[in-house]
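Q: I have not seen this structure before. Could you take me through it step by step?

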Amino acid sequence: MGKIMEWQNMRLSPHFSMFELCRSDEHPHLVQPPNTVIQYWLTWWARNVLEPLRDRCGPIRINSGYRNPELNRAVGGEKRSIHQVSVSGEIVGVATDIVPLKMPIDTALRVISEMPELPIRGCIIYPKRGFIHIDSRAGPRSFFESPTKGVYLPLSRDAIKKYRIAA
Ligand SMILES: [Zn+2]
């Protein structure tokens with residue numbers, strides 16, 4: 001087995017592997033092994049966020065997790081995207097775009113709002129694209145809806161309770 005297989009097969013937590021948090025379907029050739037600091041943060045995220053969330057939502061697909069700067073550019077991510085974990089040597093947090101496989105994303109949004117103990121600070125629902133972005137940015141917890149690219153509408157506590165994706 002080559003070196004790439006070894007790091008990709010690392011388990012971060014009972015249900016999540018390094019591969020799931022680093023892969024890219026669109027740009028597999030840009031995927032690289034994260035350094036040990038980034039590995040630490042991905043492990044922390046899998047154990048403290050993804051596992052407890054999976055307990056409530058069921059199996060979760062990770063659409064996008066860690067992106068090295070090159071991969072982040074290729075997918076059109078923001079320059080300081082939290083998906084990079086480290087930006088210019090500064091840890092900016094951890095981010096994952098998730099799709100619960102057995103729960104509608106609007107229900108999952110409410111579930112996340114009912115779990116304030118999770119270190120999720122940024123939560124963005126993309127109703128048209130069908131996923132939820134969660135991250136550990138600095139600051140108070142905030143929820144947004146992104147109806148179109150680059151638009152983020154804040155969601156109040158009441159709005160989250162009633163949130164339904166229009167059919
Ligand atoms: Zn994201």
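Q: Let us start with α3: which residues are buried there?
A: In α3, the buried residues are Leu 42, Trp 45, Ala 46, Val 49, Leu 50, Leu 53 and Cys 57. A residue is buried if 20 or more other C-beta atoms lie within 10 Å of its own, exposed if 12 or fewer, and partly exposed in between, with C-beta atoms placed from the backbone. Helices (H or I, at least four residues) and strands (E, at least two) are DSSP runs, numbered from the N terminus. Please note that this is a predicted model, in which local features need pLDDT of at least 70, side-chain atom pairs count only at pLDDT 80 or more, and totals for chains, interfaces and linings use all residues. Residues are numbered from 1 along each chain as its sequence is written.

Q: Why would residues three or four places apart point the same way?
A: An α-helix has 3.6 residues a turn, so residues at that spacing point the same way.

Q: And Tyr 40, is it buried, exposed or partly exposed?
A: Tyr 40 has its place in helix α3. It counts as partly exposed because it has 13 C-beta neighbours inside 10 Å.

Q: Where is the kink in α3?
A: The kink in α3 is centred on Ala 46 and amounts to about 35°. The bend at a residue is the angle between axes fitted to the seven residues ending there and the seven starting there.

Q: How far does α3 reach, then?
A: From its first C-alpha to its last, α3 reaches 29 Å with 22 residues, close to the expected 32 Å. The expected span of a helix is 1.5 Å times one less than its number of residues. Just after α3, Gly 58 takes a positive phi of about 85°.

Q: Changing topic: what is the strand order in the open sheet?
A: The six strands of the open sheet follow the order β3-β6-β8-β7-β9-β10, and their pairing is mixed. Two strands pair if DSSP finds at least two bridges between them. At the edges stand β3 (60–64) and β10 (153–155), each with a single partner strand, so one side of each is left without a neighbour in the sheet. On average, neighbouring strands of this sheet are turned by 30° against each other, direction ignored.

Q: How do β7 and β8 pair?
A: β7 and β8 pair in the antiparallel sense over five bridges. Ile 125 stands opposite Ile 132 in β8. The two strands form a hairpin with four residues between them, and Gly 130 in the turn has a positive phi of about 75°.

Q: In which sense does β7 pair with β9?
A: That pairing is parallel, over four bridges. Gly 122 has Ser 142 in β9 as its bridge partner, and Ile 124 stands opposite Phe 144.

Q: What about β9 and β10?
A: Strand β9 (residues 142–145) pairs with β10 in the antiparallel sense over three bridges. Glu 145 has Leu 153 as its bridge partner, and Phe 144 stands opposite Pro 154 in β10.

Q: Which strands does α3 lie across?
A: Helix α3 (residues 36–57) lies across β3, β6 (95–100) and β8 (131–135), and runs at about 135° to β3. Axes are lines fitted to C-alpha atoms, for helices over the stretch in contact, and angles run from 0 to 180 degrees between N-to-C directions. Helix α5 (residues 105–113) also packs on the sheet, touching β6, β7 (122–126), β8 and β9, with its direction at about 20° to that of β8. Two residues are in contact if their C-beta atoms, placed from the backbone, lie within 7 Å.

Q: How many residues has the largest nonpolar core?
A: It has 32 residues, and those with the most contacts inside it include Ala 46, Cys 123 and Ile 134. A nonpolar core is a set of buried Ala, Val, Leu, Ile, Met, Phe, Trp, Tyr and Cys residues joined through C-beta atoms within 7 Å. The largest share of this core, seven residues, comes from α3.
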